[in-house]
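Thank you all for coming.

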Amino acid sequence: MRASATPAEVAHVVTLIEEAGAGVHVDAGGEFTVIGAIGDRAIVAGLPLEAVAGVEKVVPLRKEYKRVSREFRSRDTIVTVGGSPIGGGNFAMLAGPCSIESYEQTLASAQAVKAAGGVVLRGGAYKPRTSPYAFQGLGLEGLRILRAVGDEVGLPVTTELMDARDLEDVVEHVDMIWIGARNMQNFNLLSEVGRAPRPVMLKRGMSATVEELLMAAEYVAKEGNDDIILCERGIRTFERSTRFTLDVGAIPVLKAETHLPIIVDPSHAAGKRSLVMPLAMAAVAAGADGLIVETHPTPEHALSDAAQQIPSAEFGAFVADIERLLAVTGRTPSR
Ligand code: PEP
Ligand code: MN
């Protein structure tokens, strides 16, 4: 719409689109009001909108992903998790143990995260393990521990949802739901969290392209949930010296393609402690909106991902180093 368009003109265009049977999304926060129309291309494109009062121009969305694309919304989306803004220049540190193992272990990790300036506590209660004989997580008991610890130290919490049957329990206990790499294309699960009243962090599948990640996010957004954070966590390549290959190039590509915040998980890409910091630094330098890092009070005793978790006693120094680089890039940490 033209900058001078009146609310009545905006409303009229919305009505015309709705009458054509298309979905409408109005973004009025910027200099211009942008009205997104999603429906049958032949019908929507046939509407004579360019002749309607207040309309500046009609732009066909070229991409298959619509709601999550920059074409649809040019400004960065800021996702607020338990009061902490992520994206739009607010750099967020999310951290915590790989798995919730006990109250004491989760608390020790959380205290280090809080002291270091982290803004969200992570911890897995339902763990996607390669072996069915490996520790599978504490389930509901883990959710209760995570919530209690988050409240005790004053951090919002996030956990992985693997099964839609656990959605209610997860919504009840956490501030943000995360979908793990192995479920990035579990389309029914994506639609379910798209209807859930919580922000969603969507991790890139280890064999998924950037476009597939964006299409997965579109499944969530299509159901009405636009509070989505994307997470690059490494992809599978022929290289075996790291656990996965961190796709640093995906960060600026995603920043150009979508308005959603992009965070990076250097821990799972690295697979070993010594590699987490350089990958984290690369992510910050490439423009990530935040990091999600695994930290455990005694990694050698961890029930999952022992080799890659940062000892909680070292986590403050880890974050301090990251924030020095962040300052060089002209960004500020979210608090
Ligand atoms: C995790 O974050 O604990 C995890 C299992 O990550 P991913 O889904 O990226 O493998
Ligand atoms: Mn892990």
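Which residue in S2 stands opposite Asp-27? Keeping in mind that this is a predicted model, the answer is Val-34, which faces Asp-27 from strand S2. The two strands in question are S1, covering residues 23-27, and S2, covering residues 34-38, and they run antiparallel with five bridges joining them. Between S1 and S2 there are six residues, and together the two strands form a hairpin.

Let me now turn to ligand 1, whose space is the second largest pocket. The shell around ligand 1 divides into seven charged, three nonpolar and two polar residues, and among its members are Arg-122, Lys-127, Glu-160, Trp-178, Lys-203, Arg-233 and Glu-294.

As for individual contacts, a backbone N or O atom of Ala-181 lies 2.8 Å from an oxygen atom of ligand 1, and for Arg-182 it is a polar side-chain atom that lies 2.8 Å from a ligand 1 oxygen. His-268 also places a polar side-chain atom by an oxygen atom of ligand 1, here with a distance of 3.3 Å. Taken on its own, ligand 1 has 300 Å² of accessible area, and the protein covers 97% of that.

Terms used:
Residues numbered from 1 in each chain as written. Chains lettered and ligands numbered in written order. Predicted model: local features only at pLDDT ≥ 70, side-chain atom pairs only at ≥ 80, totals over all residues. Heavy atoms only, no water. Near = heavy atom within 4 Å. Polar contact = N/O pair within 3.5 Å; in protein donor to acceptor, adjacent residues only side chain to side chain. Areas by Shrake-Rupley, 256 points an atom, 1.4 Å probe, with all protein chains shown as cover. 1 Å grid on protein atoms, 1.4 Å probe; cavity = no way out; pocket = protein on both sides within 12 Å on 5 of 7 lines; lining within 4 Å. Sits in = over half its atoms within 2 Å of the grid points. Nonpolar A, V, L, I, M, F, W, Y, C, P; charged D, E, K, R; others polar. Pairing = 2+ DSSP bridges. Helix = DSSP H or I, 4+ residues; strand = E, 2+ residues; numbered from the N terminus.
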